[in-house]
Amino acid sequence: MTRTGDQVLRTAPTLQDYLHLRTTSGLTPRSAAQGEGALAGSWAWSVVEHEGRAVAMGRVIGDGGWYFHVADMATLPEHQGRGLGRLVLTDLLAQIAEAAPPDPYVTLMADAPGRRLYASMGFVETAPRSLGMVLVHDPRPD
């Protein structure tokens with residue numbers, strides 16, 4: 001349940017808020033340079049501010065044509081359990097619906113804490129048809 005003072009913004013958080021939300025919510029910490037790339041390279045943002053402070057966020061990476069990937073879903077622990085993740089995801093999906101051509105391909109990587117939310121909003125596992133994979137070594141040449 002949202003509270004008086006909650007405001008949904010469709011702009012990127014500050015770099016400091018982005019890094020803080022990631023780290024405090026349990027996502028992998030990132031450097032300032034990585035955060036700057038995320039802020040600049042995202043297709044869409046949804047940030048919940050409470051009393052002027054960013055307390056939840058999510059973003060979409062995509063080409064604006066057919067492929068959209070939801071990333072960085074994060075809510076500060078003291079604000080969890082109030083529906084802010086659902087609010088952020090609903091807003092991100094609305095932004096895709098408003099701008100995308102018919103039949104967009106919307107994906108995400110579902111870490112354990114968010115799986116129930118994602119399933120409740122229509123996301124399904126793709127296995128065995130496809131599996132998410134990650135590169136485990138640095139792609140830069142030695």
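Predicted model: local features only at pLDDT ≥ 70, side-chain atom pairs only at ≥ 80, totals over all residues.

Reader: What makes helix H1 roughly perpendicular to helix H2?

Author: The angle does. Helix H1 (residues 15-25) and helix H2 (residues 32-41) pack at about 105 degrees, and their axes are 10 Å apart. Angles of 65 to 115 degrees count as roughly perpendicular, so H1 gets that label relative to H2.

Reader: And which residues meet where H1 touches H2?

Author: From H1 you have Leu 15, Tyr 18 and Leu 19; from H2 come Ala 32, Gly 35, Glu 36, Ala 38 and Leu 39. Sorted by class, the contact has six nonpolar, one polar and one charged residues. Gly counts as polar in this scheme, and Glu as charged.

Reader: How do you know that the buried residues of H1 line one face?

Author: Start with the list: Tyr 18, Leu 19, Leu 21 and Arg 22 are the buried residues of H1. Looking down the axis of H1, they fall within an arc of 160 degrees, so they line one face of the helix. As for what they pack against, that is H2, E2, E3 and E4.

Reader: Let's do single residues. Why is Thr 4 called exposed?

Author: Thr 4 has a relative accessible area of 78%. Exposed means over 50%, so Thr 4 qualifies. You'll find Thr 4 in the segment before E1. Thr 4 and His 50 are 46 residues apart in sequence, with their C-alpha atoms 8.3 Å apart in space.

Reader: Why does His 69 count as buried?

Author: The cut-off for buried is under 20%, and His 69 has a relative accessible area of 18%, so it is buried. His 69 sits in strand E4. Leaving aside neighbours within four places in sequence, His 69 is in contact with Arg 59, Val 60, Ile 61, Thr 107, Leu 108 and Met 109. Between His 69 and Ser 31, 38 residues apart in sequence, the C-alpha distance is 21 Å.

Reader: And what makes Ala 71 buried?

Author: Ala 71 has 13% relative accessibility, and under 20% means buried. Ala 71 is found in strand E4. With neighbours within four places set aside, Ala 71 is in contact with Gly 58, Arg 59 and Ile 61. The C-alpha atoms of Ala 71 and Gln 16 are separated by 18 Å, and the two are 55 residues apart along the chain.

Reader: What about the backbone: why point out the phi of Glu 51?

Author: Most residues other than glycine have a negative phi. Glu 51 is not a glycine, yet its phi is positive, about 55 degrees. Glu 51 lies in the loop between E2 and E3, and at 68% relative accessible area it is exposed.

Reader: Where is Asp 72, and is it buried or exposed?

Author: Asp 72 is in strand E4 and counts as buried, at 10% relative accessibility. Its phi is also positive, near 55 degrees, in a residue other than glycine.

Reader: Last one: what kind of peptide bond joins Ala 127 and Pro 128?

Author: A cis one, with omega about 5 degrees. Most peptide bonds are trans. Pro 128 lies in the segment after H4.

Methods: Residues numbered from 1 in each chain as written. Heavy atoms only, no water. Axes fitted to C-alpha atoms, helices over the stretch in contact; angles between N-to-C directions. Helix = DSSP H or I, 4+ residues; strand = E, 2+ residues; numbered from the N terminus. Parallel < 35°, antiparallel > 145°, perpendicular 65-115°, else oblique. Contact = heavy atoms within 4.5 Å. Buried < 20%, exposed > 50% of the residue type's maximum accessible area, 1.4 Å probe, protein only. Arc of directions from axis to C-beta.
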